[in-house]
Amino acid sequence: QVQLVASGGGSVEAGGSLRLSCAASGYISPVNFMGWFRQAPGKEREWVAVIRTSGGSTYYADSGKGRFTISQDNAKSTVYLQMNSLKPEDTTMYYCAARTGMVWAGYDPLSPTSPNAWGQGTQVTVSS
């Protein structure tokens with residue numbers, strides 16, 4: 001199955017920027033969606049941004065809308081999340097995820113239960 005390796009996290013002050021990267025390898029079927037989710041300790045996982053790999057359509061949660069940008073390279077093997085104007089409430093673990101294979105009618109690419117592959121996560125910390 002696909003392997004995902006996330007990187008790019010770190011510690012910044014409020015208003016700063018980070019760029020997260022997710023490298024995918026070991027495909028056994030087409031990757032239809034890739035995205036970023038985050039989860040704080042004791043909290044449910046929530047989506048941040050998702051990209052449809054074939055058409056490039058992007059989706060943003062309200063939490064990062066206008067501040068975050070998701071993109072992919074030409075080979076569609078790496079997905080990025082450019083995070084600008086970071087806020088302390090953005091502090092948490094960020095996880096790269098992907099959905100491989102065909103999807104079905106009514107498939108929700110924004111649900112934390114939709115991906116079938118996950119990376120190890122990368123920590124983002126934003127100080128006041």
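By class, the residues lining the largest cavity split into nine nonpolar, one polar and one charged. Here Ala, Val, Leu, Ile, Met, Phe, Trp, Tyr, Cys and Pro count as nonpolar, Asp, Glu, Lys and Arg as charged, and the others, Gly among them, as polar. Keep in mind that this is a predicted model, where local features need pLDDT of at least 70 and side-chain atom pairs count only at pLDDT 80 or more, while totals for chains, interfaces and linings use all residues. Residues are numbered from 1 along each chain as its sequence is written, and side-chain values use heavy atoms, with hydrogens and water left out.

So what is the cavity itself? On a 1 Å grid over the protein atoms alone, a cavity is a set of points where a 1.4 Å probe fits but cannot get out, and lining residues have an atom within 4 Å of a point. Points are joined across faces, edges and corners, and the volume is the space filled by probe spheres set on them. The structure holds one cavity of 30 Å³ or more, and about 40 Å³ of space lies in the largest cavity. Its lining includes Phe33, Met34, Gly35, Arg99 and Tyr107. Strand E4 (31-39) and strand E9 (92-100) are the elements that give two or more residues to that lining, and E4 gives the most, with four. Strands here are DSSP runs of at least two E residues, numbered from the N terminus.

Now for the cores. A nonpolar core is a set of buried Ala, Val, Leu, Ile, Met, Phe, Trp, Tyr and Cys residues joined through side-chain atoms within 4.5 Å; buried means under 20% relative accessible area with a 1.4 Å probe, protein chains only. The largest one has 26 residues, and Leu4, Met34, Trp36, Leu81 and Met83 have the most contacts inside it. Its largest share, four residues, comes from E3. A second, separate core of seven residues includes Phe33, Phe37, Val50 and Ala97. Back in the largest core, take a look at Met83: leaving aside residues up to four places away in sequence, Met83 touches Gly16, Ser17, Leu18, Leu20, Arg67, Phe68, Tyr94 and Val124, with contact meaning heavy atoms within 4.5 Å.

Last comes the disulfide, a pair of cysteine sulfur atoms within 2.5 Å. There is one in the structure, and it joins Cys22 to Cys96 with 1.8 Å from S to S. The pair links distant parts of the chain, Cys22 in strand E3 and Cys96 in strand E9, 74 residues apart. Both Cys22 and Cys96 are buried.

Note on methods
1 Å grid on protein atoms, 1.4 Å probe; cavity = no way out; pocket = protein on both sides within 12 Å on 5 of 7 lines; lining within 4 Å. Buried < 20%, exposed > 50% of the residue type's maximum accessible area, 1.4 Å probe, protein only.
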